[in-house]
Amino acid sequence: MPSPKARSSSGRSGSVPCNVTGGNGRYEFISLNRTPPPHLLQRQGSDPTSARLRASESPNRRRGSGSSTSSTGGQQLPEEDCMKLNPSFIGIALSSLLAIDLWLSKRLGVCACEDSSWGSVRPLMKLIEISGHGIPWLAGAAYCLYKSDSVAGQEVMLNLLMALVLDLVLVGVVKAVVRRRRPAHNRMDMFATFSVDRYSFPSGHATRAAMCARFLLAHLVLAAPLRVLVLLWASFVGFSRVLLGRHNVTDVAFGFFMGYWQYNLVEVLWLSPVMLQSMIGHLH
């Protein structure tokens with residue numbers, strides 16, 4: 001049994017305290033920076049102290065491995081998680097534009113309720129809202145088609161009626177797909193709403209106003225003041241949607257864009273009296 005003096009001297013030595021008992025009963029101190037003697041390498045498979053030596057190997061290696069695993073919690077992050085930590089420029093730009101859109105829409109909703117800054121103008125805005133609603137336009141187009149006594153008038157009113165129905169279908173499909181909620185400051189007191197009207201994108205009033213404005217300017221002979229009034233009406237219908245808090249700015253902007261190009265589709269699908277008679281003849 002070694003003496004306490006031997007143990008204390010071994011504890012004060014600069015080498016790592018890895019003492020292995022040799023065959024002659026003497027203690028041998030092994031530095032981690034040197035290769036163990038051959039007679040100890042033969043005993044590493046059975047001696048537990050030599051097993052601890054193999055596990056430790058080098059302090060630098062232990063520190064390197066510990067830092068690599070501690071930064072990820074013991075496991076490496078998957079590639080998709082790393083990508084989330086570095087969003088793309090397009091994602092950042094879209095998020096910024098969305099935040100600006102919501103902020104600007106809330107600031108412009110000055111007629112959203114009676115106690116807003118322009119709450120006294122709300123009845124006028126609601127009147128403009130009704131002027132761009134789909135039901136008055138469908139009823140007016142159907143009545144004019146019924147009362148028209150000329151072939152040209154019937155052709156124009158028939159295609160206007162088809163364009164209004166097409167607008168309702170396309171807007172309803174886009175709203176059902178996008179499902180963007182209306183602004184939080186909106187009051188749901190609109191005239192004759194439907195199931196998809198709880199969604200905000202795009203503005204059906206804006207698409208209808210843009211399409212009908214192009215239709216009237218293209219197929220009706222109007223004086224210059226009336227043409228200006230048609231353009232002003234379409235613009236006021238779109239702006240009233242934001243002022244009333246019904247839609248965000250991007251809803252109205254995309255609605256104008258969509259309605260403008262919907263008229264091109266109406267021109268492609270234009271129904272002439274000859275085509276209509278041939279379709280009726282095939283049905284009979």
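Mentor: A helix here is a DSSP run of H or I that is at least four residues long, and helices are numbered from the N terminus. By that rule, Phe-254 and Phe-257 both belong to helix α12, which covers residues 249-268. They are three residues apart, about one turn of the helix. Keep in mind throughout that this is a predicted model.

Now the rings. Seven aromatic pairs turn up when the whole structure is searched. One of them joins Phe-254 and Phe-257, with 6.2 Å from centre to centre and 45° between the planes. Planes under 30 degrees apart would count as stacked and over 60 as edge-to-face, so this pair is classed as tilted. Phe-254 has a relative accessible area of 31%, which means that Phe-254 counts as partly exposed. Another pair is made by Tyr-260 and Trp-261; their ring centres are 5.8 Å apart and the planes stand at 80°, an edge-to-face arrangement. Tyr-260 is partly exposed, at 41% relative accessible area, and Trp-261 is also partly exposed, at 48%.

Next, the helix pair α10 and α11. Helix α10 spans residues 204-219 and helix α11 spans residues 224-243. Their axes come within 9 Å and cross at roughly 175°, and the two helices are therefore roughly antiparallel. On the α10 side the contact uses His-205, Ala-209, Ala-213 and Leu-217. Those residues meet Arg-227, Val-230, Leu-231, Trp-233, Ala-234, Val-237 and Arg-241 of α11. By type, the residues in this contact are eight nonpolar, one polar and two charged.

An unreviewed UniProt entry places the feature "transmembrane region" at residues 156-178, 215-240 and 260-280. In the model, residues 156-178 are 100% helix and 0% strand, with their end C-alpha atoms 33 Å apart. Residues 215-240 are 85% helix and 0% strand, and there the end C-alpha atoms lie 21 Å apart.

Last, the setting as a whole. The protein has 13 helices and two strands. It has 284 residues, of which 32% count as buried. Among contacts between residues at least 6 apart in sequence, 67% join residues at least 24 apart.

Notes:
Residues numbered from 1 in each chain as written. Predicted model: local features only at pLDDT ≥ 70, side-chain atom pairs only at ≥ 80, totals over all residues. Heavy atoms only, no water. Axes fitted to C-alpha atoms, helices over the stretch in contact; angles between N-to-C directions. Parallel < 35°, antiparallel > 145°, perpendicular 65-115°, else oblique. Contact = heavy atoms within 4.5 Å. Nonpolar A, V, L, I, M, F, W, Y, C, P; charged D, E, K, R; others polar. UniProt positions renumbered as here; feature names shortened; annotations may be inferred. Phe/Tyr/Trp six-rings, centres within 6.5 Å; stacked < 30°, edge-to-face > 60°. Buried < 20%, exposed > 50% of the residue type's maximum accessible area, 1.4 Å probe, protein only.
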